[in-house]
Amino acid sequence: MKVKIKIKRFNGKDHYFDQFDVQIEDRTTVLEALMHIKDYMDNSLSFRAQCRSAICGTCAVKIGENHVLACKTKVKQFVQDGVLTVEPAGNLPVIKDLITDQDIFLLKLKDAKAWFVPSEKFEPVYPDDLKLYEKETDCILCGICYSVCPVFQTGQEFGGPINFVKIFRFWKDKNDALKDQRIVIADKNRITACVHCKYCTFSCPKEIPVEQDILQLKFFGKQKGIIKEEQEGSGGFSTPFGF
Ligand code: FES
């Protein structure tokens with residue numbers, strides 16, 4: 001089948017759309033279509049990709065309202081009337097075409113102390129322990145949850161869903177030295193600004209229950225008196241889910 005692939009491009013000055021007619025098979029992924037365009041039609045097209053198998057997390061793009069990994073998404077999943085529109089991931093400045101500047105969200109991960117801090121005494125880890133943060137360990141830092149999050153549109157300071165996934169993962173690890181300090185960090189990352197739209201959960205290519213993790217962190221933090229009060233996160237923002 002022939003598909004018109006519309007791509008939002010940026011040349012450092014102007015944003016504009018280019019379109020390319022590409023022959024696709026049922027199994028053709030968005031990344032394969034982009035690579036075909038770059039190899040045979042316009043070698044100036046810029047996008048990021050490495051593993052081509054949903055592991056490296058570099059190929060996040062936006063297709064309509066969907067934030068996806070280009071290598072994990074088939075063209076035919078989102079083609080409408082023979083057209084597929086590809087745009088760069090959201091909430092980040094664009095450097096060129098589909099390449100975004102990820103410095104902001106990577107620096108925010110530093111604020112979240114998104115790494116393991118070993119306790120002095122190591123306790124053995126059993127399968128039941130691992131189950132507590134198994135899904136969160138799958139995070140590939142693709143930034144899709146960051147891209148889809150509506151809180152950034154309200155202009156508030158906010159760590160972003162990815163920070164809370166990382167905080168949750170290490171908070172649940174019994175060998176992590178920071179323990180409930182992780183909740184203090186979640187509070188500093190403005191966890192209460194989350195509007196619980198669940199876009200992050202629905203969009204995560206690794207099916208991490210991001211919003212549930214945020215809820216758990218908030219619930220525990222409030223019970224312990226670490227997270228004080230609900231700040232109005234939405235600022236009047238409403239989601240299609242009505243909350
Ligand atoms: S190319 Fe690695 S996740 Fe898509």
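**Exercise 1.** Which residues does Asn189 touch, not counting residues up to four places away in sequence?

*Solution.* The structure is a predicted model.
Step 1. Locate the residue: Asn189 lies in the loop between helix 8 and helix 9 (199-203).
Step 2. A residue is buried when its relative accessible area is under 20%. Asn189 has a relative accessibility of 7%, so Asn189 counts as buried.
Step 3. List its partners. With residues up to four places away in sequence left aside, Asn189 touches Lys108, Asp111, Ala112, Phe158, Gly159, Asn163 and Phe164.

**Exercise 2.** Determine which residues of helix 8 are buried, and where they lie around the axis.

*Solution.* Step 1. Helix 8 spans residues 181-188, and its buried residues are Arg182, Ile183, Ile185 and Ala186.
Step 1. Around the axis, these residues cover an arc of only 155°, and therefore they lie on the same side of helix 8.
Step 2. Identify what they pack against: helix 3 (103-111), helix 7 (161-171) and helix 10 (210-223).
Step 3. Examine what comes after the helix. Helix 8 is followed by Arg190, which has a positive phi, near 60°.

**Exercise 3.** Describe how helix 7 and helix 8 are oriented towards each other, and what kinds of residues form their contact.

*Solution.* Step 1. The two helices pack at an angle of about 170°, and their axes are 9 Å apart.
Step 1. Classify the angle. Angles over 145 degrees count as roughly antiparallel. Helix 7 is therefore roughly antiparallel to helix 8.
Step 2. Name the residues in contact. Helix 7 contributes Phe164, Ile167, Phe170 and Trp171, while helix 8 contributes Arg182, Ile183, Ile185 and Ala186.
Step 3. Sort these residues by type. The contact of helix 7 with helix 8 comprises seven nonpolar residues, no polar ones and one charged residue.

**Exercise 4.** How many disulfides does a search of the whole structure find? Explain the result for Cys142 and Cys200.

*Solution.* Step 1. The search of the whole structure finds zero disulfides.
Step 1. State the criterion: the two cysteine sulfur atoms must be within 2.5 Å.
Step 2. Apply the criterion to Cys142.
Step 3. Apply the criterion to Cys200.
Step 4. Consider accessibility. Cys142 counts as buried at 9% relative accessibility, and Cys200 counts as buried at 7%.

Note on methods: Residues are numbered from 1 along each chain as its sequence is written. This is a predicted model: local features need pLDDT of at least 70, side-chain atom pairs count only at pLDDT 80 or more; totals for chains, interfaces and linings use all residues. Side-chain values use heavy atoms; hydrogens and water are left out. Buried means under 20% relative accessible area, exposed over 50%, partly exposed in between (1.4 Å probe, protein chains only). Helices (H or I, at least four residues) and strands (E, at least two) are DSSP runs, numbered from the N terminus. The arc is that of the directions from the helix axis to the C-beta atoms. Contact means heavy atoms within 4.5 Å. Axes are lines fitted to C-alpha atoms, for helices over the stretch in contact, and angles run from 0 to 180 degrees between N-to-C directions. Angles under 35 degrees count as roughly parallel, over 145 as roughly antiparallel, 65 to 115 as roughly perpendicular and the rest as oblique. Ala, Val, Leu, Ile, Met, Phe, Trp, Tyr, Cys and Pro count as nonpolar, Asp, Glu, Lys and Arg as charged, and the others, Gly among them, as polar.
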